[in-house]
Amino acid sequence: MEQNIFTSILFATIIAGTPLIIVALGQLIAEKSGVLNLGAEGMMAMGAIAGFAVTFHTGNPWLGCIAAMFAGAALSLIFAFLSITLLANQVATGLALAIFGVGLSAFVGKPYESETLPAVAPLRIPYFADIPFIGEALYNQQFIVYISWGIFWGILWFLYKSRSGLILRSIGESPSVAHAIGYSVTRYRYFAVLFGGAMAGLGGAFLSIFHTPLWSEGMISGKGWIAIALVVFATWRPFRVMVGAYLFGGVMIAQLFLQGSGLEIDLPSQLLSALPYLATIIVLVIISRNPLSIRLHSPASLGKPYRPDA
Amino acid sequence: MNTMASLPSPLLELKGMRKVYQSVVANDHIDLCVLPGEIHAVLGENGAGKSTLMKIIYGVTQPTAGKLFWQGYEIKVASPAQARKLGIGMIFQHFSLFETLNVVENVALGLDHPPKLKQLAQEIIEISNRYELPIDPFRSVHTLSVGEMQRVEIIRCLLQKPKLLIMDEPTSVLSPSAVRKLFETLRQFAAEGCSILYISHKLDEIQALCHTATVLRSGKVVGNCIPANETPQSMARMMIGKDLTAYKHHAFAPGETLLQLKGLSCKTKDPFGIDLNNIHLAVRAGEILGIAGISGNGQKELLYAISGEELVSKPDAIQICGVSVGKINPRGRRHLGLCFVPEERLGRGAVPQMSLEDNALMTMIKPAVVEYGMIQYTKVNAYASACIQKFDVKCSGPQAQAQSLSGGNLQKYIVGREIMQDPKVIVLAQPTWGVDIGAALFIRQALLELSNKGVAILVISEEIDELFEISDRIVVMSDGKLSPAKLTQETNVEEIGVWMSGMWPEAEQITALPAT
Amino acid sequence: MMLKFEKRPVASEAMRYISPLLSIIMTLVCGFILFGFLGKDPIKGFEIFFLNPLKTSYGISELFLKATPLILIATGLSIGFRANVWNIGAEGQFILGAIAATGVAIHFDYHPRMLLLTEMMIAGMVGGMLWAGITAFLRTRFNTNEILVSLMLVYVAQYLAEWFVHGPWKDPDGFGFPQTVIFSDNALLPIFFDGLRVNLSLLAALFFLVLAYFFIFKSFAGFKMLVSGYAKAAARYAGFSINQSIWLGLLAGGALAGVAGMTEVSGPAGQLTAHISNGYGFAAIIVAYVGRLHPVGIFFSGLLMALLYLGGEQAQYYLNLPSSIGRVFQGMLLFFLLGLDILVQYRIRFTGLTRKEA
């Protein structure tokens, strides 16, 4: 395969995978604390429109990103309040958030539907970008791609090297025991959920500010759900989330891949578009077949509301 | 309290402790006094208020009223962290450990300002050597045995150099030899000046270990005593308030074998479970067979296999009234005359949010209440009402939600609804666990009467005393294997205790055992 | 003064009925505030959104017309939800039902009307059940989470519908628009009154509601599913097959979603288009929940949800607000219900105000 084609496919894969990484890592933290927030799709949608709108009005994409994180976190606050404080069923509340978030974003985003944003220049890292084959693909990216890598390392350190991360994991494993020892389950879960919301918002903003700098209703088209599936596929381990996100990114740009490989395959475009979703199903089936792996790595209290009794 | 005037000042003193949960008074005007270096028992049966009192001392919950004095100063223990700072350590009944984390991580979580993990591991090894509590700091907790888990809990407390150690029912999961080892360790702590609050309902242990005892009943202090000067009967009388009535025993004239296990082996699907290994067992009509052993030796898996919740590969490994049932599900086995009462009341034996009526419907085979797929609710209601009446279940009626009943009453209902199915074989796991003494006696008496009617009864229990009270024969379960059976009157607690570590003679032929 | 939640000794039955009503009231109040926030006269906004659709007989007919697929889908979903089977992919099953019914409509339109409609309904059911069956199979055989699988299948279903209307079934006279031929009258559901679009599907919805009632509350199969939903270990102990519950729950949801899909293409749409589903599958989840998974509740909450849809359209027309405001209200309604539900099991207590215990 020609170097240019390979590089551009790798480039596109990274871009496609980046929002998934950001959202999935945020979900990972929330789920490690034992909370299952299915509202990622809604939070991404709100992040996308908030980011788009703020960037549109201020001309500053970074302000847009910050606004998106706030939007995502604000939405997740509703979820946290309902499911942690009011002990509502986490699955139903997450679904409500997904529906509400997408609907609200459609409502708020109506006036912006025909607008576009100026493209943001990528940040080229010298020396690294000159590496043949992979240099241009990895190191001539949007700044936010590098941030996604930073988030990955940060989360790795947090979960496995810091005390707070240890406490978080213990809360996800057994909130009643953590409470008996004296840790505030509520506080940690709120923070974890808010972090997940902020990340979901940021992931959505990536799509509307950097990826295709426009807004349209339904532009998230299931990426929030795929990110959730990604966490399961990665059995709640950050490195596997990264790998999985880029794999899915690759599947998403399958059309590009097929053209570039020079193979003359005539597949209906709808099938290619459906590939990421089919791939998600297949991957979930494979990973669910091993219950031991799931038991050892999934937070045991995931999805169950914690009722403080004293 | 007056006799202590000349002794050193108390380490911990509670005056007038009171805790009210909505309409339930868990603790009522409790006074308690613990001296330094003293092993002080808090004695009482289930529901007496012991756990609540400990939660107050450890700061998990706040009292409604009352004063707490630590080393002479009045204080409020606002949180477990503060309790630890004061020098109070707590070892919970159902260990406060995180199974997927390793020992060092677990210990670190129980400390407030732990050192780096490598250094912590060193400290753990030092303490484990000093008190002879061997443990490998980097093992995952889920791979530890129950005794080892308790060691982790103890080491965690010791690292904080406690002045007071609270132990909540520490021996319920230990074999007799492990209990002896634990007592040696506790005596060593006491000799070094650490006080111990020992919560238990096991009278013989308290006699063996504790210097003083405070007896609780229904949330109040009903007396103090020095266990060495008492007998188990006198302490029981203080605990219960009246003399235990002896059981009406039954005539032991066993009939044909109704439940037979032959070469039952089963690989468990639970990553933390135990495999069953070549189990042979025969329970005959009119006899009560008890399976002794500490939880976690395969009892759970054995019950799953017998009940049909887990199917086995060889259909004839399990036979009920001569029929091979290995591949038949629980409902099918009920049709053949099997009934069973599981260990978990809420969530398995009964659905907490459903009414008692619906909970009866769940396991009813007779009388037939389903016609053309539709439920005849009046018949179900009549059944449930009869059960409530016959088994003295205190509740608001058949429509009461299962979770609104007390543990003892719900257990009576579940046992009752199974007995009313007129079974040929009935299997019960931990039938009186967490149940008040009145209900426990009721249930045991009901089982004795049932055996008189020719029903084969299998009881799995952690309480050796209970098994010695009601069973005709006893076997021991250890690590997924079953010992030979012995007539109860031909053995004793010590021998069973030895067998619980798996050390039973293999080829011994026991009298009165039918050919298997 | 602190707000504390105290567990009730017995769950409050009254609260179970009050909380949906309370959440409706709170949504209305929020709507009021929202209109004001958006710079519209709140009272006028309220009237246009909530009352306009009810003012004409055409409006009432539209209300029932829109409520019908919601009620159908929600009825099917409620059977599954009660068994803790989370069928989130009703949207996809709806589409498959529509596709199947369309296939029959296009190829057999020479059949007599009632026969054709019956065949279409059966096709719709089968289509929806097949799609839901994939999820059921993966869940029972491979323990794959049914939420994610059924949801992914929604997107696949959408692309499938797109393929049909762009490819094999494209209307040759349709100017290239992604749609099939318009069904002949033979394949359309008969309407009740001239000029009003409400049709026979309403009777179908009522029929299935009654069927569901008997299944859920009187049948042993329904009881078994209820136990499976409440406590898996108890269902195992009772010998009730969890797998059976999963299959039944998903197939019921799929079948009725498929019927709803059929009523859409043979009703107001009159053809299959790429965007046939319009979010009904998701809105039905809210309908089921607000209706407390009870057939009577579902009937009323279906009407309410339809009102919110119509209100959105009215708001677009008269208030110059995007029609998606209807979806905002739908989400709000569910949030309030979920939040108020805690009052069924817990009481609110204000501590620090009075000193009750000594």
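Modeller: Two residues are in contact if their C-beta atoms, placed from the backbone, lie within 7 Å. In chain B, residues 24 or more positions apart account for 68% of the contacts with a separation of 6 or more. This is a predicted model, in which local features need pLDDT of at least 70 and side-chain atom pairs count only at pLDDT 80 or more, while totals for chains, interfaces and linings use all residues. Residues are numbered from 1 along each chain as its sequence is written, and chains are lettered from A and ligands numbered from 1 in the order in which they are written.

Colleague: What is the corresponding share in chain C of contacts between residues 24 or more positions apart?

Modeller: For chain C the share is 77% of the contacts with a separation of 6 or more.

Colleague: Why is chain B called as compact as a globular protein of its length?

Modeller: The radius of gyration is taken over C-alpha atoms, and the globule rule is 2.2 Å times the number of residues to the power 0.38. For 516 residues the rule gives 24 Å, and chain B has a radius of gyration of 24 Å, so chain B is as compact as a globular protein of that length. The C-alpha trace of chain B spans about 70 × 50 × 45 Å along its principal axes.

Colleague: What makes the radius of gyration of chain C agree with that of a compact globule?

Modeller: A compact globule with 358 residues would have a radius near 21 Å, and chain C has 22 Å, which agrees. Along its principal axes the C-alpha trace of chain C spans about 85 × 60 × 30 Å.

Colleague: What makes a residue count as buried, and what part of chain B and of chain C is buried?

Modeller: A residue is buried if 20 or more other C-beta atoms lie within 10 Å of its own, exposed if 12 or fewer, and partly exposed in between, with C-beta atoms placed from the backbone. Of the 516 residues of chain B, 47% are buried; of the 358 residues of chain C, 56% are buried.

Colleague: Which residues have the most contacts inside the largest nonpolar core?

Modeller: A nonpolar core is a set of buried Ala, Val, Leu, Ile, Met, Phe, Trp, Tyr and Cys residues joined through C-beta atoms within 7 Å. The largest one has 374 residues, and those with the most contacts inside it include A:Leu230, B:Ile166 and C:Ala284. Leaving aside neighbours within four places in sequence, C:Ala284 is in contact with C:Leu70, C:Ile73, C:Ala74, C:Leu77 and C:Ala90.

Colleague: How many residues of chain C are in contact with chain A?

Modeller: Chain C places 33 residues in contact with 35 residues of chain A. Helices H5 (113-142), H6 (146-166), H11 (280-290) and H13 (325-340) of chain C each supply at least two residues of that side of chain C.

Colleague: Where are the domains of chain C?

Modeller: Domain bounds come from an automatic or database domain assignment. Chain C is divided into domain 1 (1-40 + 321-358) and domain 2 (63-320). Their C-alpha centres lie 30 Å apart, and the contact takes 15 residues from domain 1 and 16 residues from domain 2.

Note on methods:
Helix = DSSP H or I, 4+ residues; strand = E, 2+ residues; numbered from the N terminus.
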